[in-house]
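Here is a friendly briefing to read alongside the structure. Keep the view open while you go through the points.

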Amino acid sequence: MAVDGTAALTQTVAAEEAGIRAAWLALLKAGGSLQTGRIREAELDTQARTVLEQLRDGLAAAGTDVRADAYAALRDTLSEISRSRAIQGFTPTDTANFVFSLKEPVFAAIDRTHGGDPAAATGGTWAASHLLDALGLHTMEVFLAGREEVIGRQGQEIAELSTPVVRLWDGILALPLIGTLDSARTGVVMENLLQAIVDEEAEIAIIDITGVPTVDTLVAQHLLKAIAAARLMGADCIVSGIRPQIAQTMVHLGVELNVVSKSTLADAFALALKRTGRIVTRRQSALSPTAS
Amino acid sequence: MPVTTTEVLPIRTSDDVVRVRQAVRVRAVGIGLGLVDQTKIITAASELARNTLDYGGGGEVRLDVMQEGARRGLRLSFVDQGPGIPDIARALTDHYTTGGGLGLGLGGAKRLSNEFHIESTPGVGTRVTIARWK
(Lines give C-alpha, C1' and ligand atoms only; values in the text may rest on other atoms or scores of the structure.)
Protein backbone atom coordinates (compact mmCIF):
# COMPACT_ATOMS: atom_id res chain seq x y z
CA MET A 1 0.00 0.00 0.00
CA ALA A 2 1.54 3.28 -1.12
CA VAL A 3 -0.34 5.54 1.28
CA ASP A 4 -1.78 4.17 4.55
CA GLY A 5 -5.20 5.19 5.84
CA THR A 6 -4.06 7.60 8.54
CA ALA A 7 -1.73 9.39 6.15
CA ALA A 8 -4.49 9.62 3.54
CA LEU A 9 -6.81 11.14 6.14
CA THR A 10 -4.15 13.56 7.38
CA GLN A 11 -3.42 14.77 3.85
CA THR A 12 -7.10 15.11 3.05
CA VAL A 13 -7.98 17.14 6.12
CA ALA A 14 -4.98 19.43 5.55
CA ALA A 15 -5.72 19.94 1.84
CA GLU A 16 -9.51 20.11 1.92
CA GLU A 17 -10.09 21.90 5.20
CA ALA A 18 -12.12 24.76 3.71
CA GLY A 19 -14.25 22.43 1.61
CA ILE A 20 -14.93 20.08 4.52
CA ARG A 21 -15.91 22.98 6.75
CA ALA A 22 -18.33 24.41 4.21
CA ALA A 23 -20.00 21.03 3.63
CA TRP A 24 -20.09 20.30 7.37
CA LEU A 25 -21.70 23.66 8.21
CA ALA A 26 -24.25 23.12 5.47
CA LEU A 27 -25.08 19.73 6.97
CA LEU A 28 -25.32 21.11 10.50
CA LYS A 29 -27.63 23.88 9.33
CA ALA A 30 -29.73 21.42 7.34
CA GLY A 31 -29.84 19.18 10.41
CA GLY A 32 -31.57 21.94 12.33
CA SER A 33 -28.77 23.05 14.64
CA LEU A 34 -29.73 26.69 14.06
CA GLN A 35 -33.47 26.34 13.75
CA THR A 36 -34.20 26.27 17.44
CA GLY A 37 -32.38 29.56 17.90
CA ARG A 38 -30.28 28.17 20.73
CA ILE A 39 -27.04 28.87 18.93
CA ARG A 40 -26.02 31.65 16.53
CA GLU A 41 -24.56 31.05 13.09
CA ALA A 42 -21.33 32.88 13.93
CA GLU A 43 -20.86 30.71 17.02
CA LEU A 44 -21.40 27.54 15.00
CA ASP A 45 -18.90 28.79 12.37
CA THR A 46 -16.29 29.43 15.04
CA GLN A 47 -16.83 26.04 16.67
CA ALA A 48 -16.52 24.23 13.33
CA ARG A 49 -13.39 26.18 12.40
CA THR A 50 -11.71 25.50 15.76
CA VAL A 51 -12.58 21.80 15.75
CA LEU A 52 -11.26 21.30 12.20
CA GLU A 53 -8.03 23.20 12.86
CA GLN A 54 -7.37 21.21 16.01
CA LEU A 55 -8.29 17.98 14.23
CA ARG A 56 -5.77 18.81 11.51
CA ASP A 57 -3.04 19.54 14.07
CA GLY A 58 -3.89 16.40 16.06
CA LEU A 59 -3.75 14.24 12.94
CA ALA A 60 -0.42 15.68 11.90
CA ALA A 61 1.14 15.11 15.32
CA ALA A 62 -0.41 11.89 16.60
CA GLY A 63 -2.33 10.14 13.82
CA THR A 64 -5.67 8.74 14.96
CA ASP A 65 -4.74 8.20 18.62
CA VAL A 66 -7.28 10.50 20.30
CA ARG A 67 -5.83 9.78 23.74
CA ALA A 68 -2.52 11.36 22.72
CA ASP A 69 -1.40 14.73 24.12
CA ALA A 70 -1.63 16.28 20.64
CA TYR A 71 -5.40 15.86 20.85
CA ALA A 72 -5.70 17.51 24.27
CA ALA A 73 -6.73 20.85 22.72
CA LEU A 74 -9.41 19.19 20.57
CA ARG A 75 -10.68 17.13 23.50
CA ASP A 76 -10.96 20.31 25.58
CA THR A 77 -12.78 22.13 22.78
CA LEU A 78 -15.26 19.26 22.38
CA SER A 79 -15.74 19.05 26.16
CA GLU A 80 -16.49 22.76 26.23
CA ILE A 81 -18.93 22.43 23.31
CA SER A 82 -20.58 19.44 24.96
CA ARG A 83 -20.98 21.31 28.24
CA SER A 84 -22.26 24.52 26.69
CA ARG A 85 -24.70 22.59 24.53
CA ALA A 86 -26.01 20.71 27.54
CA ILE A 87 -26.64 24.08 29.20
CA GLN A 88 -28.24 25.45 25.99
CA GLY A 89 -30.71 22.59 26.17
CA PHE A 90 -29.47 20.38 23.34
CA THR A 91 -30.05 16.65 23.75
CA PRO A 92 -27.03 14.30 24.00
CA THR A 93 -27.91 13.09 20.49
CA ASP A 94 -27.64 16.63 19.08
CA THR A 95 -24.27 17.04 20.74
CA ALA A 96 -22.89 13.72 19.45
CA ASN A 97 -24.31 14.47 15.99
CA PHE A 98 -22.23 17.63 15.89
CA VAL A 99 -19.18 15.35 15.60
CA PHE A 100 -20.74 12.45 13.70
CA SER A 101 -22.06 14.75 10.96
CA LEU A 102 -18.44 15.54 10.12
CA LYS A 103 -18.12 12.03 8.66
CA GLU A 104 -19.98 12.68 5.41
CA PRO A 105 -17.89 15.71 4.31
CA VAL A 106 -14.65 14.00 5.33
CA PHE A 107 -15.53 10.82 3.41
CA ALA A 108 -16.43 12.92 0.37
CA ALA A 109 -13.14 14.82 0.64
CA ILE A 110 -11.15 11.57 0.87
CA ASP A 111 -12.93 10.42 -2.26
CA ARG A 112 -11.88 13.63 -4.02
CA THR A 113 -8.22 13.45 -2.98
CA HIS A 114 -7.63 9.69 -3.11
CA GLY A 115 -10.36 8.55 -5.47
CA GLY A 116 -7.77 7.05 -7.81
CA ASP A 117 -6.25 4.87 -5.08
CA PRO A 118 -8.97 2.57 -3.70
CA ALA A 119 -6.72 1.12 -0.96
CA ALA A 120 -5.83 4.55 0.38
CA ALA A 121 -9.43 5.76 0.09
CA THR A 122 -10.74 2.77 2.03
CA GLY A 123 -7.99 3.08 4.62
CA GLY A 124 -8.60 6.80 4.98
CA THR A 125 -12.35 6.32 5.36
CA TRP A 126 -11.81 3.66 8.00
CA ALA A 127 -9.35 5.86 9.89
CA ALA A 128 -11.75 8.82 9.72
CA SER A 129 -14.67 6.71 10.91
CA HIS A 130 -12.63 5.33 13.80
CA LEU A 131 -11.35 8.76 14.82
CA LEU A 132 -14.71 10.54 14.64
CA ASP A 133 -16.44 7.74 16.55
CA ALA A 134 -13.89 8.12 19.34
CA LEU A 135 -14.36 11.90 19.38
CA GLY A 136 -18.16 11.57 19.33
CA LEU A 137 -18.03 9.18 22.25
CA HIS A 138 -15.79 11.64 24.07
CA THR A 139 -18.54 14.28 23.88
CA MET A 140 -21.00 11.73 25.28
CA GLU A 141 -18.66 10.89 28.14
CA VAL A 142 -18.30 14.54 29.05
CA PHE A 143 -22.05 14.95 28.87
CA LEU A 144 -22.60 11.96 31.17
CA ALA A 145 -19.83 12.99 33.55
CA GLY A 146 -21.59 16.36 33.87
CA ARG A 147 -24.85 14.62 34.66
CA GLU A 148 -23.22 12.33 37.20
CA GLU A 149 -21.64 15.28 38.92
CA VAL A 150 -25.10 16.81 39.31
CA ILE A 151 -26.55 13.53 40.60
CA GLY A 152 -23.72 13.08 43.10
CA ARG A 153 -24.17 16.62 44.38
CA GLN A 154 -27.91 16.11 44.71
CA GLY A 155 -27.29 12.91 46.67
CA GLN A 156 -25.14 14.81 49.15
CA GLU A 157 -27.69 17.60 49.39
CA ILE A 158 -30.48 15.11 50.02
CA ALA A 159 -28.42 13.42 52.74
CA GLU A 160 -27.93 16.75 54.49
CA LEU A 161 -31.42 18.10 53.93
CA SER A 162 -33.19 14.90 54.94
CA THR A 163 -31.73 14.77 58.43
CA PRO A 164 -32.78 18.02 60.06
CA VAL A 165 -32.97 18.39 63.80
CA VAL A 166 -35.82 20.70 64.77
CA ARG A 167 -36.45 22.38 68.08
CA LEU A 168 -40.03 21.80 69.21
CA TRP A 169 -39.78 23.58 72.53
CA ASP A 170 -37.17 24.61 75.07
CA GLY A 171 -35.12 21.48 75.65
CA ILE A 172 -37.18 19.30 73.30
CA LEU A 173 -35.77 18.30 69.93
CA ALA A 174 -37.30 16.29 67.12
CA LEU A 175 -35.39 14.33 64.52
CA PRO A 176 -37.72 13.28 61.72
CA LEU A 177 -36.02 10.51 59.73
CA ILE A 178 -37.05 10.03 56.12
CA GLY A 179 -35.89 7.38 53.68
CA THR A 180 -33.34 4.62 53.87
CA LEU A 181 -31.04 4.65 56.87
CA ASP A 182 -27.67 3.36 55.78
CA SER A 183 -24.43 3.64 57.72
CA ALA A 184 -23.35 6.84 55.99
CA ARG A 185 -26.63 8.62 56.66
CA THR A 186 -26.78 7.37 60.23
CA GLY A 187 -23.39 9.00 60.77
CA VAL A 188 -24.80 12.35 59.59
CA VAL A 189 -27.96 11.86 61.67
CA MET A 190 -26.04 11.08 64.83
CA GLU A 191 -23.65 13.98 64.39
CA ASN A 192 -26.52 16.43 63.82
CA LEU A 193 -28.46 15.07 66.76
CA LEU A 194 -25.59 15.18 69.24
CA GLN A 195 -24.56 18.67 68.16
CA ALA A 196 -28.16 19.88 68.48
CA ILE A 197 -28.40 18.36 71.98
CA VAL A 198 -25.39 20.45 72.99
CA ASP A 199 -26.57 23.63 71.23
CA GLU A 200 -30.12 23.50 72.55
CA GLU A 201 -29.27 22.03 75.96
CA ALA A 202 -31.93 19.46 75.16
CA GLU A 203 -33.38 17.10 77.75
CA ILE A 204 -35.47 15.08 75.36
CA ALA A 205 -34.94 14.09 71.75
CA ILE A 206 -37.81 12.60 69.76
CA ILE A 207 -36.70 10.36 66.90
CA ASP A 208 -39.56 10.03 64.44
CA ILE A 209 -39.35 7.11 62.04
CA THR A 210 -42.66 7.64 60.20
CA GLY A 211 -40.72 8.19 56.97
CA VAL A 212 -38.48 5.14 57.26
CA PRO A 213 -39.95 2.48 54.93
CA THR A 214 -38.16 -0.57 56.33
CA VAL A 215 -36.84 -1.13 59.84
CA ASP A 216 -34.52 -4.10 59.75
CA THR A 217 -31.88 -5.10 62.29
CA LEU A 218 -29.29 -2.74 60.81
CA VAL A 219 -31.63 0.26 61.07
CA ALA A 220 -32.55 -0.86 64.60
CA GLN A 221 -28.89 -1.10 65.51
CA HIS A 222 -28.24 2.39 64.15
CA LEU A 223 -31.19 3.71 66.16
CA LEU A 224 -29.94 2.01 69.33
CA LYS A 225 -26.52 3.57 68.88
CA ALA A 226 -28.00 7.03 68.36
CA ILE A 227 -30.15 6.58 71.48
CA ALA A 228 -27.18 5.38 73.54
CA ALA A 229 -25.05 8.30 72.38
CA ALA A 230 -27.82 10.79 73.18
CA ARG A 231 -28.14 9.27 76.67
CA LEU A 232 -24.45 9.78 77.26
CA MET A 233 -24.98 13.42 76.40
CA GLY A 234 -27.70 13.60 79.06
CA ALA A 235 -30.75 13.55 76.79
CA ASP A 236 -33.53 10.98 76.85
CA CYS A 237 -34.90 9.68 73.58
CA ILE A 238 -38.46 8.89 72.58
CA VAL A 239 -39.03 6.96 69.38
CA SER A 240 -42.21 7.85 67.53
CA GLY A 241 -43.91 6.97 64.28
CA ILE A 242 -43.74 3.21 64.57
CA ARG A 243 -46.49 2.02 62.23
CA PRO A 244 -48.45 -1.18 63.06
CA GLN A 245 -46.75 -3.28 60.37
CA ILE A 246 -43.32 -2.09 61.51
CA ALA A 247 -44.19 -2.94 65.12
CA GLN A 248 -45.21 -6.50 64.14
CA THR A 249 -42.10 -6.96 62.04
CA MET A 250 -39.83 -5.74 64.82
CA VAL A 251 -41.42 -8.18 67.26
CA HIS A 252 -40.81 -11.07 64.85
CA LEU A 253 -37.26 -9.94 64.28
CA GLY A 254 -36.72 -9.92 68.03
CA VAL A 255 -35.52 -6.33 68.14
CA GLU A 256 -36.05 -4.52 71.42
CA LEU A 257 -35.47 -0.79 71.39
CA ASN A 258 -35.57 -0.48 75.22
CA VAL A 259 -36.79 3.04 74.89
CA VAL A 260 -40.10 4.80 75.33
CA SER A 261 -41.98 4.77 72.07
CA LYS A 262 -45.17 6.37 70.86
CA SER A 263 -47.15 5.78 67.72
CA THR A 264 -47.27 9.41 66.65
CA LEU A 265 -45.03 12.43 66.93
CA ALA A 266 -47.89 14.31 68.64
CA ASP A 267 -48.09 11.71 71.42
CA ALA A 268 -44.33 11.79 71.85
CA PHE A 269 -44.37 15.59 72.04
CA ALA A 270 -47.14 15.51 74.64
CA LEU A 271 -45.11 13.05 76.71
CA ALA A 272 -41.99 15.20 76.36
CA LEU A 273 -43.88 18.28 77.55
CA LYS A 274 -45.27 16.33 80.51
CA ARG A 275 -41.84 15.09 81.47
CA THR A 276 -40.42 18.58 81.41
CA GLY A 277 -43.21 19.78 83.67
CA ARG A 278 -45.51 21.39 81.14
CA ILE A 279 -49.06 20.75 80.12
CA VAL A 280 -51.05 21.78 77.10
CA THR A 281 -54.65 22.78 77.85
CA ARG A 282 -57.43 24.26 75.86
CA ARG A 283 -58.54 27.79 76.72
CA GLN A 284 -61.87 27.78 78.55
CA SER A 285 -63.44 30.43 76.32
CA ALA A 286 -62.44 28.59 73.17
CA LEU A 287 -63.96 25.41 74.54
CA SER A 288 -67.45 26.84 74.98
CA PRO A 289 -68.03 29.74 72.60
CA THR A 290 -71.83 29.63 73.11
CA ALA A 291 -71.69 29.49 76.93
CA SER A 292 -72.30 33.20 77.44
CA MET B 1 -44.83 -25.60 41.94
CA PRO B 2 -45.44 -23.43 38.84
CA VAL B 3 -43.34 -20.31 38.76
CA THR B 4 -44.96 -17.49 36.79
CA THR B 5 -42.27 -14.80 36.91
CA THR B 6 -38.59 -14.88 37.72
CA GLU B 7 -36.19 -12.02 38.29
CA VAL B 8 -32.52 -12.18 39.27
CA LEU B 9 -30.79 -9.23 40.92
CA PRO B 10 -27.12 -8.87 41.85
CA ILE B 11 -26.06 -8.04 45.41
CA ARG B 12 -22.68 -6.35 45.20
CA THR B 13 -23.05 -3.06 47.07
CA SER B 14 -25.25 -1.69 49.84
CA ASP B 15 -27.20 0.20 47.15
CA ASP B 16 -28.12 -3.21 45.73
CA VAL B 17 -29.72 -4.07 49.09
CA VAL B 18 -32.02 -1.07 48.66
CA ARG B 19 -32.78 -2.18 45.08
CA VAL B 20 -33.61 -5.71 46.31
CA ARG B 21 -36.00 -4.25 48.86
CA GLN B 22 -37.72 -2.18 46.17
CA ALA B 23 -38.01 -5.17 43.79
CA VAL B 24 -39.43 -7.35 46.58
CA ARG B 25 -41.92 -4.60 47.43
CA VAL B 26 -43.10 -4.44 43.78
CA ARG B 27 -43.53 -8.25 43.63
CA ALA B 28 -45.22 -8.42 47.04
CA VAL B 29 -47.72 -5.75 46.02
CA GLY B 30 -48.16 -7.57 42.68
CA ILE B 31 -49.29 -10.81 44.29
CA GLY B 32 -51.64 -8.93 46.58
CA LEU B 33 -49.90 -9.34 49.93
CA GLY B 34 -51.32 -7.18 52.71
CA LEU B 35 -49.33 -4.35 54.25
CA VAL B 36 -48.09 -6.41 57.19
CA ASP B 37 -47.02 -9.35 55.03
CA GLN B 38 -45.35 -6.99 52.56
CA THR B 39 -43.38 -5.41 55.37
CA LYS B 40 -42.41 -8.82 56.73
CA ILE B 41 -41.04 -10.19 53.47
CA ILE B 42 -39.32 -6.91 52.60
CA THR B 43 -37.63 -6.84 56.00
CA ALA B 44 -36.61 -10.50 55.72
CA ALA B 45 -35.22 -9.81 52.24
CA SER B 46 -33.31 -6.84 53.59
CA GLU B 47 -31.71 -9.00 56.32
CA LEU B 48 -30.76 -11.81 53.95
CA ALA B 49 -29.48 -9.48 51.22
CA ARG B 50 -27.25 -7.76 53.74
CA ASN B 51 -26.00 -11.14 55.00
CA THR B 52 -25.21 -12.13 51.41
CA LEU B 53 -23.27 -8.90 51.00
CA ASP B 54 -21.50 -8.71 54.38
CA TYR B 55 -20.79 -12.37 55.12
CA GLY B 56 -21.04 -14.01 51.68
CA GLY B 57 -18.95 -11.38 49.93
CA GLY B 58 -21.76 -10.59 47.49
CA GLY B 59 -23.97 -12.79 45.37
CA GLU B 60 -27.41 -12.63 43.88
CA VAL B 61 -31.06 -13.03 44.70
CA ARG B 62 -33.67 -14.78 42.61
CA LEU B 63 -37.28 -13.65 42.96
CA ASP B 64 -39.90 -16.22 41.93
CA VAL B 65 -43.60 -15.47 41.83
CA MET B 66 -45.40 -18.79 42.34
CA GLN B 67 -48.95 -19.81 41.62
CA GLU B 68 -50.50 -22.88 43.25
CA GLY B 69 -54.18 -23.03 42.43
CA ALA B 70 -55.64 -19.75 43.59
CA ARG B 71 -52.80 -19.24 46.03
CA ARG B 72 -49.92 -16.99 45.06
CA GLY B 73 -46.60 -16.70 46.75
CA LEU B 74 -43.22 -15.05 46.55
CA ARG B 75 -40.04 -17.08 46.89
CA LEU B 76 -36.63 -15.48 47.32
CA SER B 77 -33.35 -17.37 46.98
CA PHE B 78 -30.17 -15.68 48.15
CA VAL B 79 -27.03 -17.32 46.80
CA ASP B 80 -23.40 -16.52 47.48
CA GLN B 81 -20.07 -18.22 46.93
CA GLY B 82 -18.67 -17.01 50.22
CA PRO B 83 -17.00 -18.84 53.11
CA GLY B 84 -20.20 -20.66 54.13
CA ILE B 85 -21.63 -21.19 57.61
CA PRO B 86 -19.91 -23.92 59.67
CA ASP B 87 -22.66 -24.20 62.31
CA ILE B 88 -26.10 -23.31 60.95
CA ALA B 89 -27.94 -24.00 64.23
CA ARG B 90 -25.67 -21.56 66.01
CA ALA B 91 -26.03 -18.94 63.25
CA LEU B 92 -29.81 -19.14 63.72
CA THR B 93 -29.48 -18.51 67.46
CA ASP B 94 -30.65 -15.06 68.46
CA HIS B 95 -27.96 -12.56 69.41
CA TYR B 96 -25.19 -14.72 67.93
CA THR B 97 -23.12 -12.72 65.47
CA THR B 98 -19.65 -12.92 63.97
CA GLY B 99 -19.82 -9.48 62.39
CA GLY B 100 -20.81 -6.97 65.07
CA GLY B 101 -24.51 -6.83 64.19
CA LEU B 102 -27.40 -7.53 66.51
CA GLY B 103 -27.34 -11.23 65.64
CA LEU B 104 -31.04 -11.28 64.86
CA GLY B 105 -31.12 -11.14 61.07
CA LEU B 106 -31.07 -14.80 60.07
CA GLY B 107 -33.37 -16.02 62.85
CA GLY B 108 -35.57 -12.97 62.32
CA ALA B 109 -35.86 -13.70 58.60
CA LYS B 110 -36.95 -17.24 59.48
CA ARG B 111 -39.64 -15.94 61.83
CA LEU B 112 -40.84 -13.45 59.21
CA SER B 113 -41.31 -16.09 56.50
CA ASN B 114 -43.76 -18.95 55.90
CA GLU B 115 -41.02 -21.19 54.53
CA PHE B 116 -37.35 -21.04 55.33
CA HIS B 117 -34.59 -23.21 54.02
CA ILE B 118 -30.84 -22.83 54.38
CA GLU B 119 -28.01 -24.89 52.96
CA SER B 120 -24.39 -23.99 53.37
CA THR B 121 -21.09 -25.70 52.69
CA PRO B 122 -17.98 -24.21 54.28
CA GLY B 123 -15.69 -22.95 51.54
CA VAL B 124 -18.33 -23.31 48.83
CA GLY B 125 -21.15 -20.94 49.63
CA THR B 126 -24.59 -20.44 51.10
CA ARG B 127 -28.12 -20.53 49.73
CA VAL B 128 -31.03 -19.23 51.78
CA THR B 129 -34.55 -19.62 50.41
CA ILE B 130 -37.62 -18.04 51.96
CA ALA B 131 -41.21 -17.88 50.81
CA ARG B 132 -44.30 -15.98 51.82
CA TRP B 133 -47.77 -17.01 50.67
CA LYS B 134 -50.85 -14.90 50.37
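## Where two helices cross

In this predicted model, α10(A) packs against helix α4 (residues 105–112) of chain B at an angle of about 120°, and their axes are 8 Å apart. Axes here are lines fitted to C-alpha atoms, for helices over the stretch in contact, and angles run from 0 to 180 degrees between N-to-C directions. The two helices, α10(A) and α4(B), are therefore oblique to each other; angles under 35 degrees count as roughly parallel, over 145 as roughly antiparallel, 65 to 115 as roughly perpendicular and the rest as oblique.

Some reading notes: residues are numbered from 1 along each chain as its sequence is written, while chains are lettered from A and ligands numbered from 1 in the order in which they are written. As the model is predicted, local features need pLDDT of at least 70 and side-chain atom pairs count only at pLDDT 80 or more, whereas totals for chains, interfaces and linings use all residues.

**The contact between the chains**

- On the α10(A) side, Thr249(A), His252(A) and Leu253(A) meet Gly108(B), Arg111(B) and Leu112(B) of α4(B); residues are in contact if their C-beta atoms, placed from the backbone, lie within 7 Å.
- This helix contact has two nonpolar, three polar and one charged residues, where Ala, Val, Leu, Ile, Met, Phe, Trp, Tyr, Cys and Pro count as nonpolar, Asp, Glu, Lys and Arg as charged, and the others, Gly among them, as polar.
- In total, 16 residues from chain A and 21 residues from chain B take part in the contact.
- Both α9 (217–232) and α10 (244–253) of chain A supply at least two residues each to the side that touches chain B, and α10(A) gives the most, with six residues.

**Chain A overall**

- Chain A has 12 helices and five strands; these are DSSP runs numbered from the N terminus, helices being H or I with at least four residues and strands E with at least two.
- Of the 292 residues in chain A, 34% are buried, meaning that 20 or more other C-beta atoms, placed from the backbone, lie within 10 Å of the residue's own.

**The sheet of chain B**

- Five strands of chain B form an open, antiparallel sheet in the order β1-β2-β3-β5-β4; strands pair if DSSP finds at least two bridges between them.
- β1 (3–11) and β4 (115–121) of chain B are at the edges with a single partner strand each, so one side of each has no neighbour in the sheet.
- β1(B) pairs with β2 (residues 59–68) of chain B over eight bridges, and Thr6(B) has Asp64(B) in β2(B) as its bridge partner.
- Helix α1 (residues 14–30) of chain B lies across β1, β2 and β3 (71–80) of chain B, at about 165° to β1(B).

Technical notes
Two residues are in contact if their C-beta atoms, placed from the backbone, lie within 7 Å. A residue is buried if 20 or more other C-beta atoms lie within 10 Å of its own, exposed if 12 or fewer, and partly exposed in between; C-beta atoms are placed from the backbone.
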